[in-house]
Every structure is written in C-alpha cells, then in structure tokens.
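Here are my notes on the model you sent over. Have it open on screen while you go through the points.

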Amino acid sequence: MSNYNWLETIKVTEEMISKTNKRLPVIWISALDCTGCKEAFTRSFEPTTLDTILNFISLEYSELLSTASGYQVEEHKESIFEKYKGEYVLAVEGSIPGSDEFLMIAGKSVKEEIIFAAKNAKAVITFGSCSAWGGIPAAGSNPTNAVDIKTILPDNVPIALVPGCPPIPEVIIGTLLHVHFHGELPELDKKLRPKVYYQSTVHMTCHRKSFFDQKLFAESFNDEGARKGYCLFKIGCKGPTAFNACESIGYDRCIAAGFSCLGCSEKGFWDKGGFCGKRKK
Ligand code: SF4
C-alpha cells in the first residue's frame, strides 16, 4: 500500500489555489523557432493545458496562440507591459538572430523586444533548446549568427532555462505553475535548469535500464533484442548523457516508442549527432 496521503495533497492544493486566485500573466515571445515548444505547451495531460489556462496562468500574448493578431494583439502586449510591470513572466522560445533584419515583430527586432520585455518581467523562462543553447538555428554554419538568450540579457535578470526539442509539456507547465504558486522561479542547477526536472539523466530512470545492467542490447531497430525491449545504447541512445525527465514524468517519450534518446535537451545536440547512426552522404 502506498503511503501517499491524497487527502493531505488535495487540502494543500486547495489552500494554494485559494491563496492565488489571480492568474499569472505570461507574455510568450517567439524568436528563431519552429513553434514546437508552444505546441508541446498545448499538450500537457497533468494538469491539462486547458485547466492551466483557465485557472492559473493568463497567456496574454503569443504570436501563435493569441486569438487576435496584428495591431490589436501588439497593442494588448504593450498594455500588459504597463499593467503588470514586474508581475508578468516572459516566456521565450527560439534562439536570437545575430542581425536584426532576420526577425522583426511589429517593426522591432526580436532581440530589442526581448531585452525590453525582460527588463520589467518578474522572471524569464526560456522554453526549448534553441533559446537555452542556440539549438538548430545555431547549428552547422549558423547562417543567421543565432545565439542563446543569455548572450543578449544582463546577468541580473532572473532566468530559468527549460531545454528540450521540444521540452516535456508537463515540465513547461510545472515551471510556470511554480512561479504562480510560489512567486519565484524553482530551484535551479548550475546551468539554470529547474533542478527538479533536470537532476538526473534519462538513463538513470529509463524503463530499459535493467536490460542495460544485464548487458542485453538491441543491435538494430528491427532485431529480436529490439522486439524484446532491450536497451538501445548500441544503436545510439544518448540517455546516459542527457539530463531530462522524459523517463520519469514524460508521457510520449522516445524510448518507450522504440526510438533511442537523441539527447535533445543537451547543448549542441544537433551538431553532436542527435540522430542515431551515421548520416548518409
Ligand atoms: Fe540507458 Fe538508453 Fe539503454 Fe535506456 S535505452 S537504459 S537510456 S542507454
């Protein structure tokens, strides 16, 4: 029997909700991104994204998810900067282009907009490996001279990085909810990631780890070992070096689907050969 005290948990949750009846304003700015992080945000199961938006956070601006567009939504964003000065969370997705002309929002460069929005934010939370480390836009020859967000913000801005390509939906929501309920960012590790989600490698919590320990490996994606669910290390799994919560709280995780970990939450994952095996020339 589990010792988990559900009644106590419900009581504490209800107390927290009653203390925080005001939703947390969030402004979500997209830089060089593929919108995958926002799509991940819409797919949380526990709590659902719908519950989160109706009860805990108020998504005031998002180029992709706002119903309004054009002047209407830009004016609303400006009004939120004033109305909730020091109270809103600035969410950033995507890396920042080196030259302003690569990405403009309503006549301003995205870099200028992020620096301005971060000044009066309660906290900045970056979603995805692009904003955290540069990601795919900064890979290879980096044609736009893309950089991560820390490169453009002063050191005193309170910031949490939530890497992943995309990050786990529940990790995105969990980090936002921490700010909502506690009024501050969660405890961070040396790389500024929320400790609770990034403290262990995917490997340490992997459901295939007992096979790794027994040295039972799949040698190809279609052999008997793969069918038996053996460890995917020999076919390129990056789980032992990837810090993320995919196997501890993720739902749609790569390894459960039979594909090895790409290490998408790690710096430079694309250039370091995120894909398993050798690429064909
Ligand atoms: Fe580790 Fe990957 Fe094997 Fe899982 S599949 S036990 S993460 S090496």
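1. A definition to start: the expected span of a helix is 1.5 Å times one less than its number of residues. Helices (H or I, at least four residues) and strands (E, at least two) are DSSP runs, numbered from the N terminus. With that rule, the 14 residues of helix H7 (residues 169–182) should span 20 Å, and the end C-alpha atoms of H7 are 20 Å apart, which agrees.

2. Some ground rules. This is a predicted model, where local features need pLDDT of at least 70 and side-chain atom pairs count only at pLDDT 80 or more, while totals for chains, interfaces and linings use all residues. Residues are numbered from 1 along each chain as its sequence is written, and side-chain values use heavy atoms, with hydrogens and water left out.

3. The overall picture: the protein chain has eleven helices and seven strands. Buried residues make up 46% of its 281 residues; buried means under 20% relative accessible area, exposed over 50%, and partly exposed in between (1.4 Å probe, protein chains only). Of the contacts (heavy atoms within 4.5 Å) with a separation of 6 or more, 73% are between residues 24 or more positions apart.

4. Back to H7, which is mostly covered, with eleven of its 14 residues buried. Among them are Pro 169, Ile 172, Ile 173, Leu 176 and His 180. Just after H7, Gly 183 takes a positive phi of about 75°.

5. What does Phe 41 touch, leaving aside its neighbours within four places in sequence? Its contacts are Trp 28, Thr 49, Ile 53, Ile 57, Leu 59, Leu 65, Ile 172, Ile 173 and Leu 176. Phe 41 belongs to helix H2 (residues 36–41) and counts as buried because its relative accessibility is 1%.

6. Now the ligand. The space it takes is the largest cavity. On a 1 Å grid over the protein atoms alone, a cavity is a set of points where a 1.4 Å probe fits but cannot get out, and a molecule sits in one if more than half of its atoms lie within 2 Å of its grid points. Residues around the ligand (a heavy atom within 4 Å) include His 203, Cys 206, Arg 208, Lys 209, Phe 212, Cys 231 and Cys 237. By class, this shell has eight nonpolar, two polar and two charged residues.

7. Is Tyr 230 buried or exposed? Tyr 230 counts as buried, because its relative accessibility is 17%. This residue is in the loop between helix H10 (224–227) and helix H11 (246–249). Not counting residues up to four places away in sequence, Tyr 230 touches Arg 208, Phe 211, Leu 216, Phe 217, Ala 218 and Gly 225. Arg 208 is also one of the residues surrounding the ligand.

8. Two cis peptide bonds to look at. One runs from Glu 46 to Pro 47, with omega near -5°, and Pro 47 is in the loop between H2 and helix H3 (49–55). Another runs from Cys 165 to Pro 166, with omega near 0°; Pro 166 lies in the loop between strand E7 (159–162) and H7.

9. Finally, backbone angles. Thr 35, in the loop between strand E1 (24–30) and H2, has a positive phi near 75° without being a glycine. Leu 192 is not a glycine either, yet has a positive phi of about 70°.

Key:
1 Å grid on protein atoms, 1.4 Å probe; cavity = no way out; pocket = protein on both sides within 12 Å on 5 of 7 lines; lining within 4 Å. Nonpolar A, V, L, I, M, F, W, Y, C, P; charged D, E, K, R; others polar.
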